[in-house]
Amino acid sequence: MAGKKRSPKPDIILKNYWRNNERFADLFNAVLFEGEPVIQPEELEDLDVESSTILEHRNYAEGIAALRDNIKVRKRSTAHGIELVMLGNESQEHINYAMPMRVMGYDYSAYKKQYDSNAAKYNNADGMEEDEYLSRMKRTDKFLPVITVTVYYGRKPWNGAMSLHGMLDIPEELRRYVNDYRMLLVEARKNDLILHNANNADLFNLLEILLDGSRPAGEIRGRAIEYTKDRRVDRAVIVTAAGAVDNRIDCNALEQRGDVDMYNVFEETRIEGRAEEIIETGYEFGLSDDDILGRLQKKLTISLEMAQRYLSKFGKQNV
């Protein structure tokens, strides 16, 4: 649609938020270690960081980064040398019933990139046993383990599979012979994560308020305003929460309004983003203007006059 200012896409906003090492480490500690600070922020490096440790894996790292929302390498010194683990973070706005297979694909890609990078070193059989040369991998070669955490920001409870077995129709007598692949899922709307990073705690608390489908929109708005004011919620958290609930927030307007009115900007732009989505979807399915107006009123709990304003702003005449 012409003449409209586009805001950052939700996936970009979420990627930027989780790029921060303190927040990223806190999330993984909450998911993997019940909040214990096992992973330290200073141990994390983005895969495209220029460093001697990561440079060895740079070829496959770049390929993985193109697929992932966020992926970092945890580098830790141990009694046996340097220990490396790859940590990936995925953000989901909608339920994806193929998510276990998708995560399996991400992880396989990471392992395959490591294998290909390693195999490229072996151009001949010098110093290799026959099986090693045929495998293009020495018996002593080891790869970095990969752990992926998916954060789901949808309003509905996750009702999809949590592992590959959940996607398969397996005869019970064969189940134990079919390899499974489980995924690590966090539901933003309701979780029991033990978070120590203040921004993360505010983000998930605010999302729990905003994604509560059991309350009227007015009550949700009031609770969110109260929370952001009482807690003096950081701007980055407001922007991320807005992105996570499919809002196209105007960040320039957000800064001009200041901290006190941050949520008001958030709420106004969130509703506009939803209205535009409903209108575009309506036209895609061939609905009439009257049908679209009805859907706007019902889904956004707004008056006919307000629905008409949105249709005028985002309707066919602006395409």
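Does arginine 274 count as buried or exposed, and at what relative accessibility — which of these holds? At 17% relative accessibility, arginine 274 counts as buried, where buried means under 20% relative accessible area, exposed over 50% and partly exposed in between (1.4 Å probe, protein chains only). The model is predicted, so that local features need pLDDT of at least 70 and side-chain atom pairs count only at pLDDT 80 or more, while totals for chains, interfaces and linings use all residues. Residues are numbered from 1 along each chain as its sequence is written, and side-chain values use heavy atoms, with hydrogens and water left out.

The structure holds nine salt bridges, each a side-chain nitrogen of Lys or Arg within 4 Å of a carboxyl oxygen of Asp or Glu; the table gives some of them.

| Pair | N to O distance |
|---|---|
| Glutamate 45 and lysine 75 | 2.9 Å |
| Arginine 274 and glutamate 277 | 3.7 Å |
| Arginine 309 and glutamate 305 | 3.3 Å |

Glutamate 45 lies in strand E1 (residues 44–46) and lysine 75 in strand E2 (residues 70–78), so the pair ties together parts that are 30 residues apart in sequence; helices (H or I, at least four residues) and strands (E, at least two) are DSSP runs, numbered from the N terminus. Glutamate 45 is buried at 14%, whereas lysine 75, at 25%, is partly exposed. Arginine 274 and glutamate 277 are three residues apart in helix H11 (residues 262–284), about one helical turn, and glutamate 277 is partly exposed at 29%.

In helix H12, Ile292, Leu293, Leu296 and Leu300 are buried. They cover an arc of only 105° around the axis, taken from the directions from the helix axis to the C-beta atoms, which puts them on the same side of H12. The face turned away from that buried side carries the exposed residues Asp290 and Lys298.
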